[in-house]
Amino acid sequence: MAIVIQFKEEGRRKKEEGRRKKEKITIIFRLPIPNSQLPITNYQLPIPHYRDMENTADNPQEEIPADMLYLKPKFKISWQVIFAILMFFYMYLPILVLTFYSFNKSRFSAGWEGFTLDWYVKLFSDTRILVALRNSLTVAICAVAISAVLGTLMAVGLSRYRFPGKSWYQGVAYLPIIIPDIASAVATLVFLAALAIPLSLWTIVAAHIVFCLAYIALAVSTRLADLNPSLEEAALDLGATPVQAFIQVLLPQLLPGIVSGCLLAFVLSMDDFLIASFTAGSGTTTLPMEIFSRIRTGVKPDINALSVLLMVGSGGLAFAAEYLRGRSDQKRAN
Amino acid sequence: MAVSTKAPPPIPPNSPSKSETVSPWSSWAGPLALLGPSGLWLALLLVVPTIVIFQLSLVPNIKPGDLVIPSGIDNYLRVFEPLNLQVIGRSVFFATGTTILCLVLGFPVAYWIALNVSPKWRNLTLLGFVLPLWTSSLLRSYAWITILRPTGVLNSVLALVGIPPLELLNQSSAVLIGMAYSYLPYIVTILYASLEKLDRRLLEASQDLGANPVETFWQVTVPQTMPGIAAGSLLVFISCLGDFVDPELLGGASSMTAARLIYNQFLGATQNWGLGSALSMVLIFAVSIGIALLLKYGDRNTI
Amino acid sequence: MPPTNLPISRFSRANSTRRQFLKNSAATISGLALSSCGWRLADVQSAPPVKGNADQLFIYTWAGYTDKALLDRFAEKTGIRVVADVFDSNEAMLARVQAGGGRAYSIIYPSDYMVIQMKELGLLSQLDHSILGGIDRLKKQFQNPVYDPGNRYSVPLSWGTTGLIYNSEQLKEAPEDWDYLWKHKQELTRRMTLANDVREVMGAALRMLGYSLNSTNPEEVRNAYEKLVELKPAIASFTTDAWRPQMLTGDLKVAMCYSSDANEVIPDNDKLRYVVPKSGSSLWTDTLVIPKGAPNPEAAYKWINFMLQADVAASLVERLSFSTPSEDAFSLLTPEVRDNEILFPSEATLKNCEGVAPVGKFIDVYDRYWTKLTSG
């Protein structure tokens, strides 16, 4: 096996034209080697701050020596970019429609009748919607927070231990994903009523934890399957207790899985209508319940305005978080 | 990571160094601590309601207020009548069509983000793709009506270009478009996670060995990302089976799906909770068997 | 040994555990299911009544029937804070109430046929007419309605008809009856919608054929179903609310809708008109009821009196676009609203209209035809 390290120059970026060239180091292996037999490259690369770049492959054709003519990939890449842009457009088309109608004077999503910001103003004075939004956020945050803990523990436990009834447990753990919402909602309500548990916001949280658990466990177990177990073993060998090894070695490795699971669960919880409408106490409405009921009277554009604001707000938060994370990564690398 | 840096104590020859310990009590502490809380929660709020549904499905013509004594499988016999089977078949058709469409549309996007976008922008691009999920799915489905109706956005744009208007709304095509739209972000995220772990050196190696891009794709990329493809398809398929909003809004007059049928039994005029429960159990069993088969013949990595 | 990375041995072991799992689960499930300790499903009756706050009132209503101004006015007048939860269909409301989720409500807004059903299920408490003011000043047709003789359990709040809203510009001749849809099937292909309600749609076909809206004659219902199958290829979709923007933009030429909805939409496009078919249609009434075991009956009575108050009812007609059954309120309306044919149709128009009534076990037959119709 021969390792050839070459310095290369990168061409232009995909999205922005005319950027400056950048240097990077690539390691090219001449023979395919199964992933599990490779040494952990994190510990072996002599130049640490290129560590997270060894996995990139921006312009395949640029890594191939000039004597192999390769015009096709270049064409292939711009085709990919066009397709990706089309898909982005597909994703945002309904959002654009919603935004358009949130500025429309007409109450119905019909013709354009003039620009107005009235609906946004109306939104802020509509206490029902704002209370519903607050309830939805409370439910989602609580459910996701608790499920993150329970789900991670469950995923780790399932991947690690063998015990009688394990397949039972696994089946039950992923049941929420399969069961139709309506059946689960009615059954949960019947069950709660039989035990005379009063319905409230917290019964919604309890019901949401059930499916959030499943999705987070799924995401974490996906991540677990690809982890290298030798790190944790190394920690235990070095004298850490199992709890310490878990918290300080395993958890950080699992973090991407946990985060993606939490995001998925959060979105699903915010959007759930059936389960919430059946397990909600009186006087507690969540946002989807409110939207569902208003749709019967023709969706008023103030809900469109709310959706636009929610998306812009969460997008802004997410981009800010990502930007800060990128900055801190850079700082750590320097 | 932050492992203790003091000199390790000398390890006695017979003391265990892994997570498994000798004493029977402490061998239960680990699993109990990890699996206990969630197990309890699931048992209470999932297993018991499922048993409730199962019991209800075994009582023909049960109405609220009746005594629940399992007495017959009439409800199941009714589920397998041609009428209801047709409805289930339509659900499966929509689900399969949507899954295929999502795969076809989502894979290139995930591929592009994972492999061809520089790492600095990768997360942001993915986030940007997934952001529409933050709006209510119901609103987005209603927006599709606005887009696809005869004088809607799509046809207005086509008219500008000179193409005759497309009659897409109130047909299966609109349902597939709408449902694929709803679930595309999920599958892109899962495929992205899988593709990000793809070892590019394998791709380069295969190119070095003389394969063209198409061959590389089918013989290297796809097998490597099979766990992600399987997990994503499964997720989309199951979610589509439970979706009753999109087919009803976009599908026109012949759009009864299994999910809507179950909804009608519980929340409709007939109040046939028994039939609704039986339909739910049939769906659950069918999907479980599907998953079991998938696990048996597929890769075990994701579940 | 950490068990995570030996796929082959995992498969074979998993196979045997899966077989065991299936065996075990079959045994347990059949055990649980066939346990003869029967429990009563959704036993709302035996649940003890919840005592609530004296200054809080929970009501369960339709989405368009309350707004902030109304609730504030009530709070101002009586000092009671009202919290309104909404439902979008009678059946969903009934399912929730029966499953035990309705015990906090002191006022519910069922429709007429639902009142009959709830009465039979023993969910309603009788109203004390001595406390209710204004109940004797209703329009004649609502003083002793078919669904609740003597208004013993319910108080009518709003009423209306189901009919056809059409675009007079796009149609050569104006529809007058249901058979217009069949006669002009070609012209209306995929430009017409019907309501997403089994009783309304089947009822329309039944009336067109001259039968009663609440027929329990299998032959008649089958004929109605076959008529609908004939019309099916021309129907764009079954929807109760998504027709609104499409009617306004001209994507739809005819839609089946409720009079209160039509009245809301028509001002936005003056080419739209509403008609109640000549052979008859359904006449619906939304009512107020006090469920048994209501936490705050005094506040509930105050609410009913408030809604029956003439000026309140009149302002609601104008703001929220529904017809009031109260004669007093009617007299307070402006002549323009009083002459609104949509909200207050003439006696002649209402001659053939019937209210939807429960059909008992026959609803199964209706439901089967509906499933056939929407999945064919």
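1. A charge sits over a ring if NZ of Lys or CZ of Arg is within 6 Å of the ring centre and within 35 degrees of the ring normal. In this predicted model, C:Arg199 lies over the face of C:Tyr366, at 5.1 Å from the ring centre. A second case is C:Lys139, placed over the face of C:Phe330 at 3.8 Å from the ring centre.

2. The largest nonpolar core has 227 residues, and C:Tyr366 is among the members that touch the most others, together with A:Tyr90, B:Leu184, B:Trp273 and C:Leu181. Helix H7 (residues 201-225) of chain A gives the largest share of this core, 16 residues. Another core, of 87 residues, lies apart from it and includes C:Phe330.

3. What does C:Leu181 contact, leaving aside its neighbours within four places in sequence? Its partners are C:Leu164, C:Leu188, C:Met192, C:Leu194, C:Leu231 and C:Val254.

4. Over all chains there are 31 aromatic pairs. In one of these, B:Tyr183 and B:Tyr186 are tilted, with 6.2 Å centre to centre and 35° between the planes. Both residues lie in helix H7 (residues 172-196) of chain B, three residues apart, about one turn of the helix. Both B:Tyr183 and B:Tyr186 are buried.

5. The ring centres of C:Phe142 and C:Trp159 are 5.6 Å apart and the planes stand at 50°, so this pair is tilted. C:Phe142 is in the loop between helix H4 (112-120) and strand E5 (154-167) of chain C, and C:Trp159 is in strand E5, so the pair ties together parts 17 residues apart in sequence. C:Phe142 is buried, with a relative accessible area of 3%; C:Trp159 is buried too, at 2%.

6. One aromatic cluster is formed by B:Phe107, B:Tyr111, B:Phe217 and B:Trp218.

Technical notes: Residues numbered from 1 in each chain as written. Chains lettered and ligands numbered in written order. Predicted model: local features only at pLDDT ≥ 70, side-chain atom pairs only at ≥ 80, totals over all residues. Heavy atoms only, no water. Core = buried A, V, L, I, M, F, W, Y, C linked by side-chain atoms within 4.5 Å. Buried < 20%, exposed > 50% of the residue type's maximum accessible area, 1.4 Å probe, protein only. Helix = DSSP H or I, 4+ residues; strand = E, 2+ residues; numbered from the N terminus. Contact = heavy atoms within 4.5 Å. Phe/Tyr/Trp six-rings, centres within 6.5 Å; stacked < 30°, edge-to-face > 60°.
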